[in-house]
Amino acid sequence: MTSHKTAQTMKPATAAKKLGVYLEATPAEFREGVVSRSELNALQADPPQWLQDLRRLGPHPRPVVAARLGVSIAGLARGGVTEALTTEQIDALKQENPEWLQKERATQAEVRKEAVRIKERNAEREARGQAGA
């Protein structure tokens, strides 16, 4: 009995997410096919021009927009940003620095500080627990 290894494939949406690009902006042949694990690895290792351009200029998916603005995805929605944005649009938003963006950045900074505090507290508790064992 021999086992045949089949290539692991994924939907274009999954591949686009892993590549950090907005699916609707990818070439038709990418959107209409399936992507194997080896094809994904090849795209990551040696991105073609269309992928380089998308990563540099956009439009970018919401997780990338949120990261570039320093806010959460929910913060984007609260700020009324529901569509993919280009790098130019993101830069314009940074320059404009509307009140909602300032608020969301402050919120995100607090969330990060709290996460660090909890991590340190847990590490301290673990260290005390091991010392008493």
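Predicted model: local features only at pLDDT ≥ 70, side-chain atom pairs only at ≥ 80, totals over all residues.
Residues are numbered from 1 along each chain as its sequence is written, and side-chain values use heavy atoms, with hydrogens and water left out.

**View 1. Packing of helix α1 against helix α3.** Helix α1 (residues 12-19) and helix α3 (residues 37-45) pack at an angle of about 30 degrees, with their axes 11 Å apart. The two helices are therefore roughly parallel (angles under 35 degrees). The contact (heavy atoms within 4.5 Å) involves A15, K18 and L19 of α1 together with R37, L40, L43 and Q44 of α3.

**View 2. The salt bridge between R56 and D53.** The closest N and O atoms of R56 and D53 lie 3.1 Å apart in a salt bridge (a side-chain nitrogen of Lys or Arg within 4 Å of a carboxyl oxygen of Asp or Glu). Because R56 and D53 are three residues apart in helix α4 (residues 49-57), about one helical turn separates them.

**View 3. The salt bridge between E104 and R78.** E104 and R78 form a salt bridge whose closest N and O atoms are 2.9 Å apart. This pair links distant parts of the chain, with E104 in helix α8 (residues 99-131) and R78 in helix α6 (residues 73-78), 26 residues apart. E104 counts as buried at 10% relative accessibility (under 20% relative accessible area, with a 1.4 Å probe and protein chains only), whereas R78, at 53%, counts as exposed (over 50%).

**View 4. The salt bridge between R117 and E114.** The side chains of R117 and E114 meet in a salt bridge at 2.7 Å, N to O.

Notes:
Axes fitted to C-alpha atoms, helices over the stretch in contact; angles between N-to-C directions. Helix = DSSP H or I, 4+ residues; strand = E, 2+ residues; numbered from the N terminus. Parallel < 35°, antiparallel > 145°, perpendicular 65-115°, else oblique.
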